[in-house]
Amino acid sequence: MNCRLVVSKRVDTDNAKQGDKQRLTYFDVNLVVNPVDAGWSKSTETVRMSQNPRNTSSARSVRGLEQSQMRNVKTARQRDLSSKSMADAGTSGSVVGIERSPKPMEARALNVKPAMDGLARLQATVERALNNVDPVPDIEIVVTPPEEQEAPEEKSRDPDMKYLSNNSNAVLLDDALLDDLVEAFGASWYKAFVLMGLPFMEIDTALLTSKNVNVTKRQMFRTWRNVNQSRDDLGVPLLMGALFKGGFRNVAARLQTAVKSWFEENKSSEVPFKYWVIEAYKNSDLLVPPDYPKPMSDPNLVLMSDELPLSRNLARALAIPDDVAEDIINSKHLLIDEIRVMKMLTCFRDRQARSIDALEALLEALLSLRCESMYKYAIMCAKAWVKRTATRKDDPFRSQVDTLMQKC
């Protein structure tokens, strides 16, 4: 803090104006104090502290400095008057009643001593003030570590999963792989199951009695796996064919990767599946059989179920009674429209006396609904099946389908 200290005396001559002062000397003071917010008042030149100044030792020191300065000024005035009186009394040839003004050199000698004494006192006062100024407190920076956020609790496993029939000894198709595949199927899991060979009636019954669909579809997959574990191919061709026919090509690629990884890890084993994999890599038809579903079979109908719209017009075209159609349309256990359409198609087929009659009626219904693309698809599948079963000339249904296809 920079300031100028002025030492002066009041002039008491008759010609001086009231309040005039004679400056004796001045001192420039550079006071460095620890950071304290202060301001000098114009009237009393007191120090204002920013934070509760009356209770701090710094404030007390400043007040002491003010009082000391006032005492020094008072003492200087008294000494000045005393020196003046002594000078008047000791002067020879003085005239009574007339004051002799001191010579310039005398006045300078008289004025310097009180000023020096005042400076010494001021320095002493400043030293005391500096000693009493509150030191800057050592600020202890406490770094509070961020609170450890608890990791979100993992979704608890479905308690009903404990009822699954797990098989820790399953070859290739272990429980983890099956669950991964089921998740990849999405809402069309029923379609993959039917193409794998599961009767739609079993799926319908399981959904009707199910309390937890996630557990139900996993258990059905495990049951299918356990039945096929006794086969040399483990049912992999059925599963792979279902994935390609149903449009699950990404899932099929995942299964192919799993087969390859299993083979690399079990080259030294004597499991029959290893030898089947060796032959399958030589003949891809073993891995993905290029067959077509039998006309009017569950796999054949399920391929059309996601292409036909659910409607009462479809039920009427298929000659399904209105009450039965309403039950199917409003059924809650049949989770999505595609499953409801599949239910209509199987209901229609089962009401026919012969499979060939059902095929012919289905083709007529598709034409009446103007579903030309599905009509052509049904004919293409039937013709491809007839061609693939050319060696089954003793099969009456094949002959009937062949005859019908020649008319179309």
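The legends below describe close-up views of a predicted model.

In this predicted model, local features need pLDDT of at least 70, side-chain atom pairs count only at pLDDT 80 or more, and totals for chains, interfaces and linings use all residues. Residues are numbered from 1 along each chain as its sequence is written, and side-chain values use heavy atoms, with hydrogens and water left out.

**View 1. Phe221 and Trp224 in helix α6.** Rings of Phe, Tyr and Trp (its six-membered ring) pair if their centres lie within 6.5 Å; planes under 30 degrees apart count as stacked, over 60 as edge-to-face and the rest as tilted. The count by this rule is 10 aromatic pairs. One of them, Phe221 with Trp224, is tilted, at 6.0 Å centre to centre and 50° between the planes. Both residues lie in helix α6 (residues 213-228), three residues apart, about one turn of the helix; helices are DSSP runs of H or I, at least four residues, numbered from the N terminus. Phe221 is buried at a relative accessible area of 0%, and Trp224 is buried at 6% (buried means under 20% relative accessible area, 1.4 Å probe, protein chains only).

**View 2. The pair Trp262 and Phe273.** The ring centres are 5.1 Å apart and the planes are at 65°, so Trp262 and Phe273 are edge-to-face. Trp262 belongs to helix α8 (residues 249-265) and Phe273 to helix α9 (residues 272-282), so the pair ties together parts 11 residues apart in sequence. Trp262 and Phe273 are both buried.

**View 3. An aromatic cluster.** Phe185, Trp189, Phe193, Phe221, Trp224 and Phe248 make up one aromatic cluster.

**View 4. Surroundings of Asp204.** Asp204 lies in helix α5 (residues 200-209) and counts as buried at 11% relative accessibility. Leaving aside residues up to four places away in sequence, Asp204 touches His333, Leu334 and Lys343 (contact means heavy atoms within 4.5 Å).

Conventions. Helices (H or I, at least four residues) and strands (E, at least two) are DSSP runs, numbered from the N terminus. Buried means under 20% relative accessible area, exposed over 50%, partly exposed in between (1.4 Å probe, protein chains only).
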